[in-house]
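Reader: Could you walk me through this structure, one question at a time?

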Amino acid sequence: MRVLFVTGEFPPMQGGVGDYTACIGRALVELGVDVSVLTSTRAGGNAEWVDGMRVSPAVRRWGFGTWGQVADVADRVRPDIVHIQYQTGAFDMHPAVNLLPLRFRLRRGRPSIAVTFHDLGVPYLFPKAGPLRAQANALLMRFSDAIVVTNHEDAGEVAAPGALWRGGRARSRFGPTAHFIPIGSNIPRRLPASYERAAWRQRLGLAPEELVLSYFGFLSDRKGLETLLATLRVLAEKGLPVKLLMVGGTASDSNPRNRSYADGIMALCESPELRGRVVWTGFTGGDEVSANLLASDIAVLPFRAGASIRHGSLVAVLVHGLPTITTCRASLRAPVEPDGEVLDNIRLVDGVNCKLVPPDDVECLAAAIAELGESEDERSRLGEGASALAPAFAWERIARRTLEMYREVVGT
């Protein structure tokens, strides 16, 4: 089986889609798949082999000229399937990639096309395009041969009315079969040699008696950072010995607009009420990220729209077995699930594998942190519940599901 990934991000670029593509590519190579990658020039200068994948960082700007570049690479590597890793921001919000499957339909002897939707964000077309923007995603789905969704919310949006999910598959509203395949953690639970938690905390300036909260992921106004910082102020005013560990980089390479937002958040952290209570690790290697996460006591991810397993940061803290406080979706205490089955048995359950609070609610978040901070047993129990979800996010399992989808589409 030969596969060509088309992705707007790839390491060393900082971004979740790039990390996902690298991880699933490595896992597919382990299964004997011939993997090629076409990506942005920001991922490197020349074509090279990376972890068994043939990587071509050739696209300077994602636009209609990309069609010819994809065709040239496809003619060279002759893939059985072209697999688009879709997130509109990673493709400069240009609709060219949305029309790529339609363009390939006009080619003789074309490969099959699959698309993984990392979210359902729509591209930019022109001012006041309004509902037309959603049609770009509809065309991408309609003319692909298979659709992959990574989370329950998007599964509900993509499935045809009345369609039931069975075995991780459902009829989509756009024609091709939709497949539910979750993302994995781009940060495996792997610690540096001779890691010792107390010493690592001391290195970060975290005292043994302090309750250490961790936030992981790039910064954006959708992730509730203002709520988290306001909560930190409330806890500090109550005399709780608490610090916040900000793990990882601040903005992805494909979304530089978030850099100004990150600058604002960093300025807030220097206010008199918070100065000295927020520790930034910066962008580090995976082993150090793992060590930093496990140096904390509680992960706090207060997404404004509610938690979803589309967020790699949430998957990472669950895989690390961290007691996690995150947000419920609207008034629900668990993610919205499509009809038919609880997909992959992945379900966030309040008090079982996480603690759920309403979004943008400083009082509830502060109470949840204080409650967990007082009970090491409760933190341990929630951590065990989080670890129980980890097998669903294993890359080998994800790769096998993906290869099964390829074979179904190609007919081998």
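Reader: I am looking at Met93. Is Met93 buried, partly exposed or exposed?

Author: Happy to start there, and keep in mind that this is a predicted model. Met93 is found in the loop between strand 5 and helix 3. Buried would need under 20% relative accessible area and exposed over 50%. Met93 has 24% relative accessibility, so Met93 counts as partly exposed.

Reader: What is the phi of Asp92?

Author: Asp92 also lies in the loop between strand 5 and helix 3 (100-105). With 31% relative accessibility, Asp92 counts as partly exposed. Asp92 is not a glycine either, but it has a positive phi of about 60 degrees.

Reader: Is the peptide bond from Pro11 to Pro12 cis or trans?

Author: Pro12 sits in the loop between strand 1 and helix 1. Most peptide bonds are trans. The bond from Pro11 to Pro12 has an omega near 15 degrees, and it is cis.

Reader: Why is helix 9 described as largely enclosed by the rest of the structure?

Author: Let's look at what surrounds it. The buried residues of helix 9 pack against helix 6, strand 10, strand 11, strand 12 and helix 10. Among those buried residues are Val289, Leu293 and Leu294. Helix 9 is largely enclosed because the number of its 10 residues that are buried is seven.

Reader: How are helix 11 and helix 12 oriented, roughly parallel or roughly perpendicular?

Author: Two packed helices are described by the angle between their axes and the distance between the axes. Here the axes of helix 11 (residues 362-374) and helix 12 (residues 376-387) come within 5 Å and cross at roughly 105 degrees. That makes the two helices roughly perpendicular.

Reader: How many charged residues are in the contact of helix 11 with helix 12?

Author: On the helix 11 side are Leu372, Gly373 and Glu374, which meet Glu376, Glu378, Arg379 and Leu382 in helix 12. Sorted by kind, two are nonpolar, one is polar, and the charged ones number four.

Reader: What does helix 13 reach from its first C-alpha to its last?

Author: Helix 13 covers residues 395-410, which is 16 residues. Its buried residues include Trp395, Ile398 and Tyr406, and strand 1 and helix 1 are among the elements that cover them. Close to the 22 Å expected at 1.5 Å a residue, the reach of helix 13 is 22 Å.

Notes:
Residues are numbered from 1 along each chain as its sequence is written. This is a predicted model: local features need pLDDT of at least 70, side-chain atom pairs count only at pLDDT 80 or more; totals for chains, interfaces and linings use all residues. Side-chain values use heavy atoms; hydrogens and water are left out. Buried means under 20% relative accessible area, exposed over 50%, partly exposed in between (1.4 Å probe, protein chains only). Helices (H or I, at least four residues) and strands (E, at least two) are DSSP runs, numbered from the N terminus. Contact means heavy atoms within 4.5 Å. Axes are lines fitted to C-alpha atoms, for helices over the stretch in contact, and angles run from 0 to 180 degrees between N-to-C directions. Angles under 35 degrees count as roughly parallel, over 145 as roughly antiparallel, 65 to 115 as roughly perpendicular and the rest as oblique. Ala, Val, Leu, Ile, Met, Phe, Trp, Tyr, Cys and Pro count as nonpolar, Asp, Glu, Lys and Arg as charged, and the others, Gly among them, as polar. The expected span of a helix is 1.5 Å times one less than its number of residues.
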